[in-house]
Amino acid sequence: MSLLEVTDLNKAFGSVKAADAISLAVAEHEVVGIIGANGAGKTTFVNMITGYQKPDTGRIEYQGRDITLLEPRQITRLGICRSFQVPQVFLSATVEDNLLIALGVAEHPRVPFWRKLRTDHLLNEAAVLLNRYRLADYRAQPAHQLPQGVRKLLDIAMAVVHRPRLLLLDEPTSGVSLDEKFEVMDIVMVALKEAGVTVLFVEHDMDIVGRYAKRVLAFYEGLILADGPPEEVLGHERVQEHVIGRGSAGGRRPPPDSAPKGGGHA
Amino acid sequence: MKDRTLWGLTAGTLLLAAGGVWLPNWAMFLVTVALAKGLAVLGLLILWRTGLMSFGQALYFALGGYTAGLLGQTFHVRDAFLLLAGGTAVSAAVAAALGFLIARYREIFFAMLTMAFSMILYGALVKSQALGSTDGFAITPATFAGFAPSGAILKLPLFWLACATAYFAALGLHRYLLSPMGALAVAIRDNEIRVEYLGVSVKDAVHVKTVLAAALTGAGGVITALAVGHIDPEMAYWTTSGEFVFVTILSGTGSIAAPFAGSILFELLRSFAVQYSPYTWQLTMGSVLLLLILFVPNGLWSLFGRLLRRAA
Amino acid sequence: MLTFVAIVVDGLVYASWLFIVALGLTLIFGVMRILNVAHGGLYAVGAYTSAAMIGAYFRGGYPPALSYLLMLASAAFVGTILGLLLERGLLRFFYQRDEVIIVLVTYAVFLMLEDAIRLIWGTDAYFAYQPYSLLGNTQAGGLNFANYDLTLIGLAVITGGALWWALNRTRRGMLLRVVIHDRELALFMGINVARVFTVTFVIGAILGALGGAFTAPMISVTFGIGVEVIVLAFAVVVIGGMGSVPGAVLGALIVGLSRSAAVHLYAELELFVIYAVMTLVLAFRPQGLFVRAAARKI
């Protein structure tokens, strides 16, 4: 049984189709890259899987259970978490407090008001996360002072607090400087692999996608243009045309009348 | 951290309770009412930390007062503890019911909706002949576990009750703010989406906080009604809510004792203003408020904190 | 049937009054995002000034017909002066702060205005009935209406129409609408937002004073009239959606007709009904009846 199964997902905003009969299945331990131009429906896809938006029609199943109409907080507790394009952290709190709050509410299905937040137990757990995501140096800094890359890491660290089986990362390296991109992804991917988490990540940087994804989904106007190993998808003609852009590095212009063929021209 | 607050609160309350014995009547009355209203401000503190400002706490203030009055008049309940429990319970129950609606709103709409509810009660009270309409009605003095105070110590037990209620409320809230639920207040204010994605229902959390704030305010209403000896619809008017908000800003959110200190200061300020400039006391209060907002944005407690640090 | 007509006419009259009073408030909130509690003070000042002027005017024996112009002029004068003083002299220092803080500033201003009024005009009541009685009454089918009340409807239409026209058909109005929609965007477009704020506040102040000025002949102007007006104006603005002129029209109509129905049919509910309507509207349309689209957050 696949971990996540999406069947015939449709979502329209007025006349714009964000999801057009999308169907796919993700097996456990897969690492899937999602690419597509802006407005192709990638973030909407992530929003729908995590319950922030609801599809017009279609089903989303997680471990065989229908989660289509659940709220984000229910989906989080089931084991699916996400990070955000723009990091969603608690700006006025310190990095450590951000993690403590996340850990504190994750512990118990009903948030406790009788226990204290700053217990040794939680502080230790926070320390583990701080180290794993290279946030230790920023421990006592308020989140609004953090540089973008560090804020992204905090955002991702907060996403894994619930020990998800499935993690969706929305543009984990956007806004991160070029020289930091690989560093950030290395940190994140190693940590996730160790924990055996299934990952779907949305990315614009094709180098990142090529390096970390074992499978790539290419979105375009709500449709999945291609689905396969990175070499195949990244070299796919229509993907080149609609996602990567003609003339960009690695792309080749096809003759105007040729019908798209499967298989890559990488 | 907790120990320091615990000791500070305990010492402060004991000092106040003991010192109160020597206070002249007008001062004891003032402090009693100030502590009672401080409870309402404490409630607003919780909400403000969550990023919400209620302009309708007068609803629960009046509910507390009128419940105490009605329990006395209709059921002949005179025990202060029972009245306190009754008023608090009614306020909490109403907030629990209204909370389903209120918890869905934020910012200015939260403020407006809460104000609307308090004005609905006001309108109902004014039109109610049975409850004395705009005149309201009087409350007979309370007894304390059978003991009926009189003479020199007439107001003392109520004063002590106010001190005790304030103390336990502050302590309870202090503990609450140290818990994950309490930490959620600032989290919700900063980023509701993230809170939802952490598995918490923001609506439920806000609902709980409105009930807490309501219970505190209701308790304040009971004690105020007992102290003044009279209840009228003015307790539900928007200007009463405005007063609570005024004091919240005055005190700042820096400490759990700030609402009470700020409330006492406010009552003192108003008494003197009314006494020495009866025709311009609002001018005085307004100017003070403006100056505070301009120069002490974190409330008076932050000044106090700065002084303490410099002394240390 | 007669009761129905009475309810409708009274409702329209009350709605017109509400509309004029609430218009300034909704404009200021729409453009500046400020819930101006001092609006009640401006209303009161407008009323007192108008009443005082009318008293002096009629004692002076001047042509009665021009008294209406006097009321208009006094409102414009008072609104402009106070509006400029408040916005330039006080409010602009708080624009960077939290919305709630600005509300408190206007609350402080309101307190101060209340006392200022008391200092200037004392605690006596002012009766400036002449403009009211001058217009006489209309008898229609057994019902009696004061013509002044009916002209209030006309005034509301003119004021609303003028503001709508200014906002939607003039260049300056378009600038205001840009600021209403998105303040940051307006800044980037090079719009002098500070000047827009000043102009808006002054217009709002004039409208508030206007409401008071034209109410003066209908009531006895005493201490405290501002306090009640604030909550009523808020109710109308919230129902209609903040910053929306058509919304204020709809809000005023709903509140006016509901209250009129209550007064005629079940007087107990009079005060109750306004806030009950406000609550109902908020319950089903949290942003008011005229919602503005909000951008996606994540």
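Analyst: In chain C, among contacts between residues at least 6 apart in sequence, 77% join residues at least 24 apart. This model is predicted. Chain C contains 12 helices and two strands. Along the sequence, the elements of chain C follow the pattern α-α-α-α-α-β-β-α-α-α-α-α-α-α. The C-alpha trace of chain C spans about 60 × 45 × 35 Å along its principal axes. A compact globule with 298 residues would have a radius of gyration near 19 Å, and chain C agrees because its own value is 19 Å. Of those 298 residues, 49% count as buried.

The close look falls on chain A. An open sheet of four strands is found there, in the order β2-β1-β4-β5 of chain A, and the pairing is antiparallel. At the edges of this sheet stand β2 (16–26) and β5 (65–66) of chain A; each has a single partner strand, so one side of each is left without a neighbour in the sheet. Strand β1 (residues 4–13) of chain A is joined to β2(A) by seven bridges, and the two run antiparallel. Within that pairing, A:Leu4 has A:Val26 of β2(A) as its bridge partner. Helix α1 (residues 42–49) of chain A packs on the sheet, where it touches β1, β2 and β4 (57–62) of chain A. The direction of α1(A) makes about 60° with that of β2(A).

Chain A also has strand β3 (residues 31–36), and five of its six residues are buried, so β3(A) is largely enclosed by the rest of the structure. Two strands that run parallel to β3(A) may be considered in turn. Strand β8 (residues 198–202) of chain A is joined to β3(A) by four bridges, the two running parallel. In β8(A), A:Leu200 stands opposite A:Val32. Strand β9 (residues 215–220) of chain A is joined to β3(A) by five bridges, and this pair is also parallel. Here A:Ile35 has A:Ala218 of β9(A) as its bridge partner.

Chain A also meets chain B: 24 residues of chain A are in contact with 20 residues of chain B. On the side of chain A that touches chain B, the elements giving two or more residues are α2 (72–78) and α3 (95–106) of chain A. The largest share, five residues, comes from α3(A). By class, this side of chain A has 14 nonpolar, five polar and five charged residues.

Two packed helices are described by the angle between their axes and the distance between the axes. Helix α6 (residues 156–178) and helix α9 (residues 202–228) of chain B pack at an angle of about 170°, and their axes are 11 Å apart. Because of that angle, α6(B) is roughly antiparallel to α9(B). On the side of α6(B), the contact is made by B:Leu158, B:Leu161, B:Ala162, B:Thr165 and B:Ala169. On the side of α9(B), it is made by B:Leu216, B:Ala219, B:Ile223, B:Leu226 and B:Ala227. The residues of this contact between α6(B) and α9(B) divide into nine nonpolar, one polar and no charged.

Key
Residues are numbered from 1 along each chain as its sequence is written. Chains are lettered from A and ligands numbered from 1 in the order in which they are written. This is a predicted model: local features need pLDDT of at least 70, side-chain atom pairs count only at pLDDT 80 or more; totals for chains, interfaces and linings use all residues. The radius of gyration is taken over C-alpha atoms; the globule rule is 2.2 Å times the number of residues to the power 0.38. A residue is buried if 20 or more other C-beta atoms lie within 10 Å of its own, exposed if 12 or fewer, and partly exposed in between; C-beta atoms are placed from the backbone. Two residues are in contact if their C-beta atoms, placed from the backbone, lie within 7 Å. Ala, Val, Leu, Ile, Met, Phe, Trp, Tyr, Cys and Pro count as nonpolar, Asp, Glu, Lys and Arg as charged, and the others, Gly among them, as polar. Axes are lines fitted to C-alpha atoms, for helices over the stretch in contact, and angles run from 0 to 180 degrees between N-to-C directions. Angles under 35 degrees count as roughly parallel, over 145 as roughly antiparallel, 65 to 115 as roughly perpendicular and the rest as oblique. Two strands pair if DSSP finds at least two bridges between them.
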